[in-house]
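Here is a briefing on one protein chain. Look over the sequence and the 3D view first, then work through the points below.

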Amino acid sequence: QVQLVESGGGLVQAGGSLRLSCAASGDTLCISAMGWHRQAPGKERDVVATITTGGSTYHTDSVKGRFTISRDSAKNTVYLQMDSLKPEDTAVYYCHADSRKGWGCIEYNYWGQGTQVTVSS
């Protein structure tokens, strides 16, 4: 069992910055990867960025050069630094964690509650 708690969303003007945080607790040794997804009204939920326990990162093309995913392993926390925000970035952002099978773990996908990011023009 893994619990994810998100924070850091808010309202910002275009060109501004926000930093999202996601703190994991529970069976954190089961986690193989974490990431951020976002969903705008009437749109599909899409991946934004991911990071594995080995440190490999992925950022979707629309945010490359503007967003950066990182982690603090000691705190079981991942971050999404969002710079040069655009109105198109407006969405609910969800933290996600993948747990791996083995070592007393099960395969499962965990989701946070979501945090609203609104970028005005």
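Does R38 count as buried or exposed? R38 counts as buried, because its relative accessibility is 15%. Buried means under 20% relative accessible area, exposed means over 50%, and partly exposed lies in between (1.4 Å probe, protein chains only).

This is a predicted model: local features need pLDDT of at least 70, side-chain atom pairs count only at pLDDT 80 or more, and totals for chains, interfaces and linings use all residues. Residues are numbered from 1 along each chain as its sequence is written, and side-chain values use heavy atoms, with hydrogens and water left out.

**Salt bridges**

- The model has 3 salt bridges. A salt bridge is a side-chain nitrogen of Lys or Arg within 4 Å of a carboxyl oxygen of Asp or Glu.
- R38 pairs with D89, and their closest N and O atoms are 3.0 Å apart. This pair links distant parts of the chain: R38 sits in strand β4, D89 in the loop between β8 and β9, 51 residues apart. Strands (E, at least two residues) are DSSP runs, numbered from the N terminus.
- R66 also meets D89 in a salt bridge, at 2.8 Å from N to O. R66 lies in the loop between β6 (57-59) and β7, and D89 in the loop between β8 and β9, so the pair ties together parts that are 23 residues apart in sequence.
- D89 counts as buried, at 2% relative accessibility. R66 is buried too, at 10%.
- D61 forms a salt bridge with K64, with the closest N and O atoms 3.1 Å apart. D61 is exposed, with a relative accessible area of 62%.

**The nonpolar core**

- The largest nonpolar core has 27 residues. Such a core is a set of buried Ala, Val, Leu, Ile, Met, Phe, Trp, Tyr and Cys residues joined through side-chain atoms within 4.5 Å.
- L4, M34, W36, L80, M82 and Y93 have the most contacts inside this core.
- Strands that each supply at least two core residues include β1 (2-7), β4 (31-39) and β9 (91-99).

**An open sheet**

- Four strands form an open sheet in the order β1-β3-β8-β7, with antiparallel pairing. Two strands pair if DSSP finds at least two bridges between them.
- β1 and β7 stand at the edges with a single partner strand each, so one side of each has no neighbour in the sheet.
- β3 and β8 run antiparallel and are joined by 6 bridges. C22 has V78 as its bridge partner in β8.

**Two hairpins**

- β4 and β5 run antiparallel, joined by 6 bridges. W36 has A49 as its bridge partner in β5.
- This hairpin has 6 residues between β4 and β5, and G42 in the turn has a positive phi of about 75°.
- β5 and β6 pair in the antiparallel sense over 3 bridges. I51 stands opposite T57 in β6.
- The hairpin of β5 and β6 has 4 residues between the strands, and G55 in the turn has a positive phi of about 95°.

**A buried serine**

- S99 lies in strand β9. S99 counts as buried, at 8% relative accessibility.
- A polar atom of the S99 side chain lies 2.7 Å from the backbone oxygen of I106.
- Leaving aside neighbours within four places in sequence, S99 is in contact (heavy atoms within 4.5 Å) with residues including C30, I31, E107 and Y110.

Terms used:
Polar contact = N/O pair within 3.5 Å; in protein donor to acceptor, adjacent residues only side chain to side chain.
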